[in-house]
Amino acid sequence: MNIEYFETSRVFKIDTNSTSYIMAVCDREKFLGHVYYGQKISDSDVNYLLRLNENPFVPSLNSRDRGAFLDSFPTEFSGHNVGDYRESSIEVIDKNGNRGVSLFYKSHSIYKGKKKLYGLPSTFAPDDKCMTLEIHLEDDVLNLEVVLFYSIFEDSDAITRSVKVINKSDDTISLTKIMSVCVDMDDDNFQMLDLQGAWARERQIEYRSIGHGKQSIGSTRGESSHQENPFIGLCDQSISQDSGRIYGFHFIYSGNFIAQVEKNQFDMLRITMGIHPDNFSFELQKNEEFTAPEAVLVFSSEGLGKMTRTFHDLYRNHLIRSPYKNKKRPILINNWEATYFDFDSEKLISIAKEAKTHGIEMLVMDDGWFGKRNDDNSSLGDWQVNEDKLKGGLKNLVDRVNEIGLKFGIWFEPEMVSPDSDLYREHPDWAIAIQGRMPSRSRNQFVLDLSRKEVADYVYESVAKILRSANIEYVKWDMNRQLSDIGSSGLAPQRQGELMHRYVLAVYDLQERLITEFPDLLLENCSGGGGRFDPGMLYYSPQIWCSDDTDAIERLSIQEGTALLYPLSTMGAHVSDCPNHIVGRTTPFETRGNVALAGTFGYELDITKISNEDKNQISKQVEMYHKYNDLVREGDYYRIASYRENHYFDCYMVVSKDKKKALVTYVQVRNRANAHVRKIRLKGLDPQKKYTVEGMEKAYYGDTLLNAGIVVKNMRGDSQSTLIYIREVEG
Ligand code: DGJ
């Protein structure tokens with residue numbers, strides 16, 4: 001890891017273990033150019049890549065054609081309305097109503113450590129394990145300063161970027177767009193990779209070709225969304241798990257975002273990523289500053305797999321803060337799919353008792369325990385325990401569950417209000433709404449205007465009061481609708497464009513307060529399943545509910561897409577009952593368990609009603625969880641085959657960091673007549689170590705298992721699966 005500035009060539013060179021990122025200050029005017037990003041290179045002065053000498057339009061030599069220069073120059077942070085017609089990175093409206101930004105290098109500093117991003121999630125590391133470069137750019141007409149931050153970590157190939165805008169003028173400026181990333185590069189026949197989806201079908205891997213013009217993904221829904229995850233990759237056409245180049249860009253933010261690739265007339269690409277400019281503006285008065293969220297850049301020349309493992313390690317080591325991050329999470333049983341709204345304390349106690357006999361460790365009471373909530377039409381906001389359901393109150397229930405020997409967890413949806421609630425009747429103006437217009441309902445609910453302090457405080461106290469009242473060790477923080485009708489009765493007219501971002505900041509602040517007051521709390525984020533599964537939320541909770549679709553086969557592609565970026569330790573995954581409530585498919589209990597073991601693991605069914613055969617399997621699965629979870633949580637993830645691609649079987653493995661243990665999961669989704677015994681080549685093992693493989697009589701060297709592989713017998717029926725445990729031979 002190193003960051004250096006070379007005075008004579010005016011070059012900044014950032015080196016991670018295997019990548020280099022190079023910028024240069026150019027021309028007399030001090031444009032900041034983007035020179036190179038990719039595999040590590042030895043030279044720093046590769047300024048020929050800027051093609052300034054080839055270009056007759058260098059502005060200080062040829063002001064006549066300055067615009068032509070700006071429209072082709074590979075810039076580090078694009079301005080606006082001054083001649084570069086490609087995507088801008090920043091836009092403002094000044095006191096005269098003018099829009100135009102042109103940024104030039106002013107100064108820089110390089111230091112050990114990394115600053116926190118105020119109010120926002122951000123990666124971290126001890127000062128001696130990371131380095132930061134700050135480049136200060138300036139528009140001296142506006143008196144606007146833009147600071148670009150780049151940080152690197154001793155143990156990672158990731159580069160993080162964030163941006164701060166400071167209004168140094170005496171006048172108010174309206175910031176109407178700010179990207180966190182802008183990277184210009186030549187197109188090398190790349191394709192674009194993203195994760196798209198829908199409710200109950202989140203994070204599906206999608207490749208698309210890059211045409212001229214702009215192609216983007218994004219969210220304007222107030223959350224990162226089920227529909228598009230804040231990630232894009234640019235990769236070789238021939239990318240595979242183990243070979244090919246990929247640039248991955250991931251945004252540490254939980255609200256509106258845009259991630260875009262633009263291909264211009266010269267076949268150059270501009271990648272931008274940041275807060276979505278739709279519905280966004282932020283007023284900056286004299287000396288005020290705006291911090292744009294952090295983004296992570298990962299380049300891998302060894303395929304998708306290496307990129308994946310870089311993201312996993314970065315998030316496990318430098319983003320997740322929870323005390324649970326390196327611990328086994330209690331195996332939970334959640335009553336949502338077991339009872340929906342129809343439960344009382346006796347029902348929960350009967351589930352807890354049965355769960356305990358099978359080794360389950362925590363009962364989670366889901367939606368429906370408060371107000372008059374017997375369906376999803378009422379009571380959000382009225383966080384008083386419904387004592388008709390919980391006779392004797394919440395503490396009594398929690399104590400009884402604890403006496404049985406289980407921990408207790410609870411569900412909240414703090415950000416919402418039902419029109420049919422005492423809260424809404426008392427404070428209709430607390431809902432997000434455009435003045436004079438009734439906001440549209442979704443799941444018959446409105447979103448609370450958390451940008452207002454009194455609303456956020458009410459929300460916090462409602463949750464905290466319940467947590468203070470009993471021994472509650474886990475919270476599932478849900479959010480079941482996306483934002484619309486964006487308007488706040490608490491913001492001045494010229495500040496209405498701040499609401500979406502202020503809302504996200506308020507969610508972060510609420511969760512920060514919660515984990516500060518309850519430091520041992522296990523927090524799981526959720527948004528109608530996985531609608532807010534993003535790196536931002538991982539800063540507050542070590543796990544996120546992956547999807548409302550708990551069908552083992554559907555989960556294969558959901559979890560494959562999720563695990564492309566997010567560590568397995570963060571993926572909320574449960575075994576549910578069959579036929580599956582979302583897709584109606586019946587899969588073997590064993591397969592449901594094997595697939596859920598790749599995540600946080602738990603149950604989502606009425607254990608008092610399932611067959612004895614299934615119950616007995618729970619005890620076995622619990623045993624496997626205890627045996628394998630350290631490996632799954634902390635190991636390196638390798639994808640071997642994808643059902644999404646081969647329409648037949650899915651296979652992945654996790655290898656411990658010391659390469660002494662590994663676990664292969666193989667799911668035969670479809671059986672085939674006359675199927676041959678399948679050979680799979682393993683990954684990640686040490687070629688020199690000798691391993692025993694579950695189901696094989698003799699031990700084999702890693703190089704045999706990596707190159708020759710193992711065989712997996714065909715299983716009778718569809719949706720069959722097997723786990724294969726591999727261990728280094730001792731002695
Ligand atoms: C959506 C979540 O994803 C479910 O697990 C459940 O908690 C429901 N909300 C409750 O309303």
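In this predicted model, Trp-199, Ile-582 and Val-583 form a nonpolar surface patch of about 260 Å² (patch residues have over 30% relative accessible area and no salt bridge, and nonpolar side chains are joined within 5 Å). Val-583 sits in the loop between strand E29 (575–576) and helix H11 (589–596) and is partly exposed, at 36% relative accessible area (buried is under 20%, exposed over 50%, partly exposed in between, with a 1.4 Å probe). Local features require pLDDT of at least 70, and side-chain atom pairs pLDDT 80 or more, whereas totals use all residues. Residues are numbered from 1 along each chain, and side-chain values rest on heavy atoms, without hydrogens and water.

The whole structure contains 62 salt bridges (a side-chain nitrogen of Lys or Arg within 4 Å of a carboxyl oxygen of Asp or Glu). In one of them, Lys-115 pairs with Glu-134 at 2.6 Å, N to O. Lys-115 lies in the loop between strands E6 (104–112) and E7 (130–139) and Glu-134 in strand E7, so the bridge ties together parts 19 residues apart in sequence. Lys-115 is partly exposed, at 47%, whereas Glu-134 is buried, at 5%. Salt bridges with shared partners also join Glu-560, Arg-639, Arg-644, Glu-645 and Asp-650 into one network.

How values were computed:
Patch = residues over 30% accessible without salt bridge, like charges linked within 9 Å, V, L, I, M, F, W, Y side chains within 5 Å. Areas by Shrake-Rupley, 256 points an atom, 1.4 Å probe, with all protein chains shown as cover. Helix = DSSP H or I, 4+ residues; strand = E, 2+ residues; numbered from the N terminus.
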